[in-house]
Amino acid sequence: MLSTILRKNVDLAVAISSEKARSEMIISPILLEIRRKFNYEISFFSGVDFSVDSQRGLNGFCDFILSLSSEQLLVRSPVIVLVESKNENLRSGLAQCIAEMVAAQLFNERGGNQIKAIYGAVTIGTIWQFLKLEGNVVSIDLSEYYIKDIKKILGILYGAIAQSKP
C-alpha cells in the first residue's frame, strides 16, 4: 500500500514544491507505515509543540515525533525518533533536528525513561539523512537515502525503534 501511495504522490509533491506538500504526501505516509508495522503500539505526532526547556532554546514545534508510548493524545516519553522536514536543503535542518533530539533526551529523562539513543532524520521527502544522539555525542550518517530505496529508509526507521523497545 505504501508503494502505491508513494507512486501516486511523490511526483505531485515534488511538482508542488512546498514543505507542506512533501510532509503530507511523502513523509507522513512513511511514518504512518512504521506505526502500522509496530501494530499501532507507538504514537505518531505531526506539527506539535515540543517545548521542553525554553531557557536552553529547546522549545518550538516539531515536524514529526514518534514515541514508544502508545498514548496518542499527548506526547509521552520515551520519544525515540524526530523527523525534521525541509523544502530543499537537508543541511539546513541538521542543527534544528539535533536541538529536537537534545530536547527529546531531556524530556525522556524527566519522564523517567532514559533510553540509550534518540534518533533523528532530516528529509525533503525524496532524500533522507539520519542522526543518532547517545549521551552527548551526535552521529550523523553522511549517506543520503533516496525515496527509490524506500525499503532502506523503512529499515533504518524500523531498526531505530526496534532496538529501543524494551
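**Exercise 1. How many bridges join β2 to strand β3, and in which sense do the two run, parallel or antiparallel?**

Keep in mind as you work that this is a predicted model.

*Solution.* 
- Step 1: Find β3, which covers residues 79–85. Four bridges join this strand to β2, and the two run antiparallel.
- Step 2: Pick out one pair. I65 has L82 in β3 as its bridge partner.
- Step 3: Now turn to β1. This strand pairs with β2 in the antiparallel sense too, over six bridges. Here S46 stands opposite F64 in β2.
- Step 4: Ask how enclosed β2 is. Six of its seven residues are buried, so the rest of the structure largely encloses this strand.

**Exercise 2. Follow helix α2 along its length and say where it bends.**

*Solution.* 
- Step 1: α2 takes in residues 19–37, which makes 19 residues.
- Step 2: Check the span. From first C-alpha to last, the helix reaches 26 Å, close to the 27 Å expected at 1.5 Å a residue.
- Step 3: Look for the bend. At I27, α2 bends by about 40 degrees. There's a proline, P29, within the four residues that follow.
- Step 4: Step just past the helix. N39 takes a positive phi of about 55 degrees there.

**Exercise 3. Work out whether R35 is buried or exposed, and what it touches.**

*Solution.* 
- Step 1: R35 lies in helix α2.
- Step 2: Check its surroundings. R35 is buried, yet it has no salt bridge.
- Step 3: Look for a partner of opposite charge. The nearest such side chain is E71, 9.8 Å away. A salt bridge needs the nitrogen and oxygen within 4 Å.
- Step 4: List the contacts. Leaving out residues up to four places away in sequence, R35 touches Y40, I42, S43, F44 and Q72.

**Exercise 4. Find the salt-bridge partners of E134.**

*Solution.* 
- Step 1: Take K116. E134 forms a salt bridge with it, and the closest N and O atoms are 3.7 Å apart.
- Step 2: See what this pair links. E134 is in strand β5 (residues 127–134) and K116 is in the loop between α3 and β4 (118–123), so these are distant parts of the chain, 18 residues apart.
- Step 3: Take K132. Its side chain meets that of E134 in a salt bridge too, at 3.5 Å from N to O.
- Step 4: E134 is partly exposed at 27%, K132 is partly exposed at 26%, and K116 is exposed at 68%.
- Step 5: Finish with a network elsewhere. Salt bridges that share partners join E33, R36 and K37.

Definitions and conventions. Residues are numbered from 1 along each chain as its sequence is written. This is a predicted model: local features need pLDDT of at least 70, side-chain atom pairs count only at pLDDT 80 or more; totals for chains, interfaces and linings use all residues. Side-chain values use heavy atoms; hydrogens and water are left out. The expected span of a helix is 1.5 Å times one less than its number of residues. The bend at a residue is the angle between axes fitted to the seven residues ending there and the seven starting there. Buried means under 20% relative accessible area, exposed over 50%, partly exposed in between (1.4 Å probe, protein chains only). Lys and Arg count as positive and Asp and Glu as negative; His and the chain ends are not counted. Contact means heavy atoms within 4.5 Å. Two strands pair if DSSP finds at least two bridges between them.
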